[in-house]
Amino acid sequence: MTLAARSGAKIGPTSGMTGPEIVRLARRHTLYEWSAQSAVDPIPVAGALGSWFWTPEGKRYLDFNSQLMCVNIGHCHPAVIEAMKRQLDVLPYVTPFMASEPRARLGAKLAELAPGDIDVFFFTSGGADANENAVRLARTVTGRQKVLAHYRSYHGATAGAITLTGDPRRWGSEPGVPGVIHVPDPYHGIERGWDTASDALRRLEEVICFEDPSSIAAFILEPIPGGGGVLVPPDGYLQGIRDLCDRYGILMIADEIMSGFGRTGEWFAVNHWGVVPDLITMAKGLTSAYIQLGAVGMRRWIAESFDRRVYHGGLTYNSHPLACAAALATIAVYEKEGLVERSARMGERLRQKHQELSDRHEIVGTTRSIGLFGVVELVRSRESMEPLAPFNATSPEMQRLAHLFREKGLYTFVRWNFFHTNPPLTVTEDELDVGFRIIDEALAELSVGPDH
Ligand SMILES: Cc1ncc(COP(=O)(O)O)c(C=O)c1O
C-alpha cells in the first residue's frame, strides 16, 4: 500500500474548489505577508503527505523547504494527527492559570531535551512572542534595558521582535522600540566572505564597551542565522559570545526557532559548539507547525527570581493543551524515528549534492549546510563573485530560477542571490536525488549574462 493510501491522504480536490478559485478568493479577501499584493502568486494547496504537497488539480511539489523551515517531521504524520484528535476529544482549551496534563508533560520533556541546565519553560503562540518574552525576562532579571542583536537576523514581526531583527524586513517598522543595538556579523556577503571568530569577537567587545556593558540586558542571536542564508559561524564564535556575556553580566538568548528540533543534526544548534545559553526560544519544529506553539526555555535561577515577584507577561493561548499535545506527539516522532540523527546522516548526502552542484555549475558561488539546513549562493562569475542578485533585491535570473523550480515541481525558498535546501527530516535518499536533479536541470537552463 502506498504511503498516501495508508494515511488516507487523497491527491485531488478536497473541498470542491478549484485551484484558480482558491487563489482568486484568497487574494481578494486576505492580505499576504511581506508582499505587494499585486505580485502575489500563491500555489493553491489541497493536501500534503511526507515530503510532498499538491494542488486541487493534482500537480505535485516536492517540499524542499519544509514549508517555512518548520514541517520537520513531514506532512500529515498520522501519530501527531491522532494525538491532536485525542486531545480535542478530551480538552481543547483551559486558561493558562490552570494546569493540564499536556502542559505538565511538555515542560518536563523539554527540560530533558534542552541544553545544559535550562529546565523551565514559558509557552507562547509562536516565535515572535517567544522572543518578546525572552527579552522581557532578561530585562526584568538584570534590571538593564539594552539588547544586542545581529544585522543578519530575523526574530519575528511583533513590535519588539521586528526591532531586534537586523534583516531589511525591519525597515518597514522603524523606528521600533528603544534600546536595541545591532552589531555586525562575522559574514559580509559572498564577495567579502567571513571574518575569523577572533576578529568578529574583538569587534563585538568594542561595541559592548561603547554601549556601556552595565546597561546591556541580553544578546539575542540565531546560532545559525537561517533566513539570512544558513550562516554557520566559525568555530569559537558562539563560545566567544558566551564568554563575553559572562564577563559583562549579559544574558545570552539563543533564538532556535528555525534551527531547533533536529534541523541541523542536533536537537538544538548550540549543541554543535557545546554552548548553553541563558534563555532559548523555539517554535516551528516544536510542533512541526501542525499547530501554533512557541516556548522560551530558561535556566532555573531565572525562573526562581519570579518566586516572590510577579512575572508581568501572559497570553490567552499560553500552554494551549492542544498545542502542547501536538508538541509531545511531534517530539515522540523525532525520538521514535531517530530524526535528529537522521538529519545529521542525510545532511552528509545533502552536502555531497551541494558539492556536485558546485562542480557542475559555474554560477554556484558557495554552498553551506549543517544537517538538513542548507543554502546555495549564486554568482555572476566565480572571478568577480558578484552575487546573482544584489543584497535585498532580486534579478531576472533569480526570478527565472524560482519560476523553473515551480514549473518543475520543486518548492523551496528563493531569496536575493540564494535558495534554500531544507527538506523535512524524513526525506528519503530518492527524494533528495529528485530534488537535486530538478535543481541541476534548472541551473543548467538558466542563462546568466554579465550584466543585469
Ligand atoms: C529565527 C526566527 N526567529 C523568529 C521567528 C518568528 O517566528 P514566528 O513567525 O512564529 O513569529 C522566525 C520565523 O521565521 C525565525 O526564523
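1. In this predicted model, four strands make up an open sheet, arranged in the order β11-β12-β15-β14 with antiparallel pairing. The edges are held by β11 (364-370) and β14 (414-415); each has a single partner strand, so one side of each is left without a neighbour in the sheet.

2. The pairing of β11 with strand β12 (residues 373-378) is antiparallel and runs over 6 bridges. As a point of reference within this pair, T366 has E377 in β12 as its bridge partner.

3. A helix packs against this part of the sheet. Helix α12 (residues 339-360) lies across β11 and β12, and its direction is at about 180° to that of β11.

4. Elsewhere, two helices cross. Helix α13 (residues 396-407) and helix α14 (residues 429-445) have axes that come within 9 Å and cross at roughly 140°. The two helices are therefore oblique to each other, since only angles over 145 degrees count as roughly antiparallel. The crossing of α13 and α14 is right-handed.

5. On the α13 side, the contact is made by R400, L401, L404 and F405; on the α14 side, by I439, A442, L443 and E445. Sorted by type, the residues of this contact between α13 and α14 comprise 6 nonpolar and 2 charged, with no polar ones.

6. A separate remark concerns D243, which sits in helix α9 (residues 237-248). D243 is partly exposed, its relative accessible area being 45%; exposed would require over 50%. Between the C-alpha atoms of D243 and A48 the separation is 45 Å, and the two residues are 195 residues apart along the chain.

Key. Residues numbered from 1 in each chain as written. Predicted model: local features only at pLDDT ≥ 70, side-chain atom pairs only at ≥ 80, totals over all residues. Heavy atoms only, no water. Buried < 20%, exposed > 50% of the residue type's maximum accessible area, 1.4 Å probe, protein only. Axes fitted to C-alpha atoms, helices over the stretch in contact; angles between N-to-C directions. Parallel < 35°, antiparallel > 145°, perpendicular 65-115°, else oblique. Left-handed = near helix turned anticlockwise from the far one by under 90°. Contact = heavy atoms within 4.5 Å. Nonpolar A, V, L, I, M, F, W, Y, C, P; charged D, E, K, R; others polar. Pairing = 2+ DSSP bridges.
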